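Student: I have a new model open and would like to learn how to read it. Where do I begin?

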Amino acid sequence: MLFDLDGTLIDSIALILASYRHTLTAHGFEQISDADWLRGVGTPLRVQLAPWARSPEHLVELALTYREHNLAHHDSMITAYPGVVELVRKIQRHGLKTGVVTSKNREGTRRGLALVGLDGTFDILVCADDVVQPKPHPEPVLKAVAQLGADPATTLFVGDSIHDLHSGRGAGVLTGAVLWGPFSREELEPAAPDYWFNSVAEMGKLVAGGE
């Protein structure tokens, strides 16, 4: 079983949006709406900030501003979604291999997982700095499946964004959409996920036999 990170395992959306707003302000750009930022959530930072970059070097500067703000406020603004930590441990008790497939870099991923008590819990991590083509391309999910030696037909990738679902679908795995993140069912329906999860408890019943 594979999980996205932000908006799926950890509630970090407010921090992400605040960091984007800070970045535009710090570099003298006009603000855009949170809805516009949210459309790109699930893709890497460099993709989100590219429209404002005047050069590759400027893109690095924008990303640095974002990361500095994000890290400064990280521990005070991030929590695990209720029941998620217990769910991951339940899944592993049932013998399933687990992985995180995220568009966040490895340093940020490990920090977020450590903050909520999940560092070292997953069998593998596939992060933005591990792939050439990030979500919604299937490469991240394909890499996770290969590293786990898993069968795509019996692998479930769970995420909160349409980019997660397209990545999973392209990789030939089952996909599950969580509805406790920032996106509505209507926004995710075009990706036609195999499963819908209104709550962490619903997911637990599916993958752990109703324990």
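Tutor: Begin with strand β7. 4 of its 5 residues are buried, so β7 is largely enclosed by the rest of the structure. Buried means under 20% relative accessible area; exposed is over 50%, and partly exposed lies in between (1.4 Å probe, protein chains only). Helices (H or I, at least four residues) and strands (E, at least two) are DSSP runs, numbered from the N terminus. This is a predicted model: local features need pLDDT of at least 70, side-chain atom pairs count only at pLDDT 80 or more, and totals for chains, interfaces and linings use all residues.

Student: What is the order of the strands in the open sheet?

Tutor: Strands of a sheet pair through backbone hydrogen bonds, either parallel or antiparallel. Here 6 strands make an open sheet, in the order β5-β4-β1-β6-β7-β8, and the pairing is parallel. At the edges are β5 (124-126) and β8 (195-197), each with a single partner strand, so one side of each has no neighbour in the sheet. Two strands count as paired if DSSP finds at least two bridges between them.

Student: How many bridges join β6 and β7?

Tutor: The parallel pair β6 and β7 has 4 bridges. L2 stands opposite F157 in β6.

Student: Which way do the residues of β6 point?

Tutor: In a regular strand the side chains alternate between the two faces of the sheet. In β6 (residues 156-159), L156 and V158 point one way, F157 and G159 the other, and all are buried.

Student: What does M203 touch?

Tutor: M203 sits in helix α10 (residues 200-207). With a relative accessibility of 1%, M203 counts as buried. Setting aside neighbours within four places in sequence, M203 contacts M1, F3, L87, V158, V178, W180 and F197. Contact means heavy atoms within 4.5 Å. The C-alpha atoms of M203 and I91 are 9.9 Å apart, though 112 residues separate the two along the chain.

Student: Now a helix. Which residues of α4 are buried?

Tutor: An α-helix has 3.6 residues a turn, so residues three or four places apart point the same way. In α4, the buried residues are H58, L59, L62, A63, T65, Y66, H69, N70 and H74. Their cover includes α1 (13-26), α3 (45-49) and α6 (106-115). Take H69 in α4. H69 is buried, at 14% relative accessible area. Beyond four places in sequence, H69 touches A18, S19 and H22.

Student: Where does α4 bend?

Tutor: The bend is at L71, by about 35°. A bend at a residue is the angle between axes fitted to the seven residues ending there and the seven starting there.

Student: How are the rings of Y20 and Y66 placed?

Tutor: A pair of aromatic rings is described by the distance of the centres and the angle of the planes. Rings of Phe, Tyr and Trp (its six-membered ring) pair if their centres lie within 6.5 Å; planes under 30 degrees apart count as stacked, over 60 as edge-to-face and the rest as tilted. The count by this rule is 6 aromatic pairs. For Y20 and Y66 the centres are 4.7 Å apart and the planes are at 45°, so this pair is tilted. Y20 is in helix α1 and Y66 in helix α4, 46 residues apart, and the pair links these distant parts of the chain. Both residues, Y20 and Y66, are buried. Together with W37 and W52, Y20 and Y66 form one aromatic cluster.

Conventions:
Residues are numbered from 1 along each chain as its sequence is written. Side-chain values use heavy atoms; hydrogens and water are left out.
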